[in-house]
Amino acid sequence: MSGEGKVVCVTGASGYIASWLVKLLLQRGYTVKASVRYLNDPKKTEHLLSLDGAKERLHLFKANLLEEGSFDPVVDGCEGVFHTACPAYSTVTDPQADQLIDLAVKGTQNVFRSCTKVPSLKRVVLTSSMASVSFNGKPLAPDVVIDETWFSDPVFCEESKLWYMLAKTLAEEDACKFAKENGIDLVAINPGLAIGPMLQPTLNPSVKNILNQLNGAQTFPNKVHGLVDVRDVALAHIQAFEVASASGRCCLSGQVAHIAEVLDILRRLYPSLSIPEKCEDDKPLLPKYQVSKEKAKSLGINFTPLEVSLRDTVESFKEKGFLNF
């Protein structure tokens, strides 16, 4: 096993992507030191403690993003740190914006300060987002290819009140600057909208976008998403740590699709479900665009087909009681 005898850290381990990351790390033989905000909340810990290998090689720590030094014991002795902890909600009002940005940026700074104290550290892998890549005001069209050279524009995000996008953009910018100044080998993973089965018992914002369309919605939003399977995202994190030549950022979108296209697939897979057929506005459907897969391929990522990810998402909803049919 590639991780046998190696110790790594995962921050925000109870989250959607992080839970899958912990699962795959344990499968590979790693010892995982994982941080959660609430050690006494079974909804945050039970699904992690029940993973294969958890009893022997998973160690949970309480840590708070805004508390400087709280990550010191979590990253101590680690070869790799996977910093996934970040506020993950995209619907934020003006009064909450500063709080969201503060949590994303200061939280990243606190984790990275802890990393500077660890002589055994070889690499940090940051969970960023396509939110910090594609929101710059440039028009998107079928012939446009977004790649790792794209950066979201903080001014555009602020003017457009895209607070989550602004928080992710500033957090990644700050992380890159801090890493460069402190000699930290950093790789950023920039996934699109993650879908696929849930390990955690609670809903997360990205799959909730799908569930909302299956629970009595009358119309669907006029939106296009770069979609990626959560299992591919978790694997990309591990590859970003293990592949020596990995560097910079890596965009992860298995397929770009309009929500109408997603619903067509779900209609075919689940004909008994009531799925909206009308768009919420009368405007033409927004055009699709492309996201480069070259960097992902260099990490050995073969994307899960969208139909498989969607089916597994819905089966996960059924298993956890969010959808009955």
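In the open sheet of 3 strands, what is the order of the strands, and what kind of pairing does the sheet have?

Analyst: The model is a predicted one. The open sheet has 3 strands in the order β8-β10-β12, and the pairing is mixed. At its edges stand β8 (193–195) and β12 (255–258); each has a single partner strand, so one side of each is left without a neighbour in the sheet. On average, neighbouring strands of this sheet are turned by 45° against each other, direction ignored. Strand β10 (residues 224–229) is joined to β8 by 3 bridges, and these two strands run parallel. Within this pairing, Leu-193 is found opposite Leu-227 in β10. Helix α12 (residues 306–319) packs on the sheet and touches β8, β10 and β12, while its direction makes about 65° with that of β8.

Next, the side chains elsewhere in the chain. Glu-172 belongs to helix α7, which covers residues 163–182. Its relative accessibility is 3%, so Glu-172 counts as buried, the cut-off being under 20%. Leaving aside residues up to four places away in sequence, Glu-172 touches Leu-126, Ser-128, Ser-132, Ala-188, Asn-190 and Arg-249. With Arg-249 there is also a polar contact of 2.7 Å between the two side chains. The charged end of Arg-249 in turn sits over the ring of Phe-151, 3.9 Å from the ring's centre. Another such placement involves Lys-138, which lies over the face of Trp-150 at 4.4 Å from the ring centre.

The aromatic pairs number 3. In one of them, the ring centres of Phe-82 and Phe-241 are 5.8 Å apart and the planes are at 70°, so the pair is edge-to-face. Phe-82 lies in strand β4 (residues 80–83) and Phe-241 in helix α9 (residues 230–242), so this pair ties together parts that are 159 residues apart in sequence. Both Phe-82 and Phe-241 are buried. Phe-112 and Phe-178 form another edge-to-face pair, with 6.1 Å from centre to centre and 80° between the planes. This pair also links distant parts of the chain, since Phe-112 is in helix α5 (residues 94–115) and Phe-178 is in helix α7, 66 residues apart. Phe-112 and Phe-178 are both buried. Ring pairs also link Tyr-30 with Phe-82 and Phe-241 into a cluster. Helix α7 thus carries Glu-172 as well as Phe-178.

Methods. Residues numbered from 1 in each chain as written. Heavy atoms only, no water. Helix = DSSP H or I, 4+ residues; strand = E, 2+ residues; numbered from the N terminus. Buried < 20%, exposed > 50% of the residue type's maximum accessible area, 1.4 Å probe, protein only. Polar contact = N/O pair within 3.5 Å; in protein donor to acceptor, adjacent residues only side chain to side chain. Contact = heavy atoms within 4.5 Å. Phe/Tyr/Trp six-rings, centres within 6.5 Å; stacked < 30°, edge-to-face > 60°. Lys NZ or Arg CZ within 6 Å of the ring centre and 35° of its normal. Pairing = 2+ DSSP bridges. Axes fitted to C-alpha atoms, helices over the stretch in contact; angles between N-to-C directions.
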